[in-house]
Amino acid sequence: SPQSFSVMHLFILILVSLVHIDIPRLAVAPARPNNETRFVAIAGQYCTEWMTPQPCDVDWIIPGDYNRFKDDGASIILSERNASSPCNPPTPISPPLWQNGPEFPYMSQTIPGSDEHQEYVLGADEFFVYNKRLQRTGEFDICWCSLDETYDGDKCDHATSDLIIDEYTTHAGMLTVRGPHADAIIRCYVTLDCPIPISGFDLHENDTLRVAVEQCSMDRLVDVSPLGLFDADEIDLSTANPGDNGSLVTYEFGSKKPRFVGEYYLCWCPRQECIGDLKPDGPCWRKIDGPCDYEEDYARFETSAGMLIVNGPTYGNSSCVAGHQCSMNVTGMGLADGDMIVVSGDDCSVSTGVKDLFTADDLYDKATASGGGELYDFGRALYASSTAFYLCWCPQEFGCDPEAEGGLENFTIHAGNLTISGPDKAAAITCVIGVGCTFSIAGTGLSDGDSMLLSNDSCASPTRTYFDEDSSVDSATASGGSGATYHFGIAKKVADSLSLCWCQGSCDAEHIVSAGSLTIRGPDGSNQISCLVGEECPMTITGTDLNDYDAILVSSTTCTSPALVTGLFRADKQDIGTPKAGGPSGSKTYEIGDKRPTRVGDFFLCWCASPDQSQSCSADYLSDFNVTAGTLIVAPAPSSSTTELPSETHSSTTEIPALSDVLDQNVITISSTDNDDPEDPAVVCRMVSPTKVSCPDAEHPKSITLEEGSPITDVEGTKKDDVLTGNTAANVLTGGGGNDRLVSGGGKDV
């Protein structure tokens, strides 16, 4: 009853007041979090990513035995990992977890907890402020501010200036930030193998790497264009090599060989088994069993794994002109003075190198970079080519030396192709003596106004005697609208394979570019045929590129206007014939009629080239026989009473008779150079043409003096030491095997 309670209560109070009893307090266990709690975040991603689908204020649930101390106000900070003594004391995080972040990222308790756990808010404080990217990887300690029975409500309050680090000595777990280091710079060379090593923390072989041309973000990345840095029309996406895990993994994309130079972003997507909130054993809102998907996971490639820099020349084609300096500019990345290019006729993967394309006397045609690695000078191109050459590049750090053993193996980067415009050097042109020489050549970049010279010394020096005698050199200018046609005029002499020497434009420079060769075919005009009446008279004609369809006729006049002889070899028949079949092209033998001349006389042998080397010339067109092949002298047979030439044809004078006399007599007597030697009594020096004299059978040296106004300009020497004293005309002395001497008379003598 109330009365009995009051009495008892009063009794107890009296008893206590009379007797002092010391009753100890009950021992209360201190609150303590579970220090085995682990949280995982992803480097380079926003808090909304590694906490998806919760917002930034998602709770961290830290379990533990908090007993009755579950009031609001507890807090935690993050510390650099100290495996031997975590949180004792906390260690400042440096460099910070994100740009300009604090040394001790802080989180406060969100609501009163329970005996089993406490919850900490992330969004209310600056640790995980929205749009902050984690820029560190590694492990970090979670340090808790202790609560005990002497709870002071201000003890764990957070104010940046009042944060007392020594209060956060209780280890509450760890935060792992896994991912790649964002500051990596990987360098490769274009078209060479390019494995990409990525370092970081807690990397996995199924983490996925992507190459992009813009910074990594949650937006759709822009792929390399044209599509495929490593393989055409393929997205540059790859997982790490199988078995690679931990702090270093290697990625290999497709062919492993980048196709373009440039700077590219490496964007990383983590392979995670479960994405959910950061509650231990919390539910997974999505399962991932393998690599990231290009389409479905495009927003998760927001973590930067560094940069890929592909060095080398930008592929590009160059062109030069034969005979001119060949210089080129090369663009690209990582270029430097000392880089080198070798010109190759094969793909650079098996570079063989070419030589003698340029003027430099090297084992291979090459050029060394200058001007910051962008300028190459190969020298003057010696010939053109319709086929492009490969430009094979070597970076100077490879120690480029193509002439060293195995040195070409460093020139495997294809920098582009080189074309050299000009004529094809394989042209083989044939013209005919006595006929206009017009021909066309093939090539690239030809144009009207280009020039061509002839040379009998591989373009080292021009000729001047085969065509226009009034010209200083044998030359022609391109015409016809395509720059391919040349008119040299009428050929005066035969020639075996003269060099065609080309130069672009009117060209004051040397004509060093070979455009092929020119052969002027026909008889050489030196053939002196002597026969006897009634005996066989084979007529052997020497020359260049003669064939079995050419023809000669016997003329009583010079070949400039031939007069066909009839009945010399056969009664009432024209004396015209073709050579015997076969035999070398430099010598053909003609037999006319029954081969036996019927009368004495001096004749000219006039030659005609077959129109198409399949049919012979016709006597109906005498003007086609306009080339002098030689002379024919028919003397009486030994039994004849007339065995000597008329005495009036011999003379001791050294002067050349007048042209009219020569044409009438066709006989010239030339004195010996040695007055003690007798005159050759049987030598007949014949006028082969109105301007040429020949004494092939002379047994003594001859001294020939050409008076002013003499019609003779060309002289063929004997096998002795002849002397030709010229006049002011352009005289030519052709040696006959002796030590001949030409004394100039003021003309352009040769």
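In the predicted model, Glu 374 is found in the loop that runs between strand 22 (366-368) and strand 23 (375-380). With a relative accessible area of 37%, Glu 374 is partly exposed. The C-alpha atoms of Glu 374 and Asn 329 are 5.3 Å apart in space, although the two residues are separated by 45 residues in sequence.

Aromatic contacts were examined next. A search of the whole structure gives seven aromatic pairs. One of these is formed by Tyr 189 and Phe 398, whose ring centres are 5.4 Å apart and whose planes meet at 75°; the pair is therefore edge-to-face, since planes over 60 degrees apart fall in that class. This pair links distant parts of the chain, 209 residues apart. Tyr 189 belongs to strand 9 (residues 185-189), whereas Phe 398 is in the loop between strand 24 (385-394) and strand 25 (413-423). The two partners also fall in separate accessibility classes: Tyr 189 counts as buried at 13% relative accessibility, and Phe 398 counts as partly exposed at 30%.

Another pair consists of Phe 467 and Phe 488, again with ring centres 5.4 Å apart, but with planes at 40°, so this pair is tilted. Phe 467 lies in the loop between strand 29 (451-455) and strand 30 (475-477), and Phe 488 lies in strand 31 (residues 485-490), so the contact ties together parts that are 21 residues apart in sequence. Phe 467 has a relative accessibility of 2% and counts as buried. Phe 488 is buried too, with a relative accessible area of 6%.

The charged end of Lys 425 sits over the ring of Tyr 383, at 3.7 Å from the ring centre. Arg 220 lies over the face of Tyr 298, and here the distance to the ring centre is 4.1 Å.

The structure holds two cavities of 30 Å³ or more. The largest cavity contains about 60 Å³ of space. Its lining is made up of Cys 695, Lys 702, Ile 704, Val 715, Glu 716, Gly 717, Thr 718, Asp 722, Val 723, Leu 724 and Leu 733. Strand 44 (714-716) and strand 45 (723-725) are the elements that give two or more residues to this lining. By class, six of the lining residues are nonpolar, two are polar and three are charged.

Backbone geometry was considered separately. Most residues other than glycine have a negative phi, and most peptide bonds are trans. The peptide bond from Asn 88 to Pro 89 is cis, with omega near 0°. Pro 89 is placed in the loop between strand 4 (75-80) and strand 5 (106-109). The peptide bond from Ser 94 to Pro 95 is likewise cis, with omega near -5°, and Pro 95 is in the loop between strand 4 and strand 5.

Positive phi values occur at Lys 256 and Asp 545, neither of which is a glycine. For Lys 256, phi is about 75°. Lys 256 is in the loop between strand 13 (246-251) and strand 14 (262-269), and with a relative accessible area of 33% Lys 256 is partly exposed. For Asp 545, phi is near 55°. The loop that holds Asp 545 lies between strand 35 (539-544) and strand 36, and Asp 545 counts as partly exposed at 30% relative accessibility.

Thr 558 is in the loop between strand 36 (551-555) and strand 37 (576-577). The relative accessible area of Thr 558 is 16%, and the residue is therefore buried, the limit for this class being under 20%. The side chain of Thr 558 makes a polar contact of 3.0 Å with the side chain of Thr 560.

Key. Residues numbered from 1 in each chain as written. Predicted model: local features only at pLDDT ≥ 70, side-chain atom pairs only at ≥ 80, totals over all residues. Heavy atoms only, no water. Helix = DSSP H or I, 4+ residues; strand = E, 2+ residues; numbered from the N terminus. Buried < 20%, exposed > 50% of the residue type's maximum accessible area, 1.4 Å probe, protein only. Polar contact = N/O pair within 3.5 Å; in protein donor to acceptor, adjacent residues only side chain to side chain. 1 Å grid on protein atoms, 1.4 Å probe; cavity = no way out; pocket = protein on both sides within 12 Å on 5 of 7 lines; lining within 4 Å. Points joined across faces, edges and corners; volume = space filled by probe spheres on them. Nonpolar A, V, L, I, M, F, W, Y, C, P; charged D, E, K, R; others polar. Phe/Tyr/Trp six-rings, centres within 6.5 Å; stacked < 30°, edge-to-face > 60°. Lys NZ or Arg CZ within 6 Å of the ring centre and 35° of its normal.
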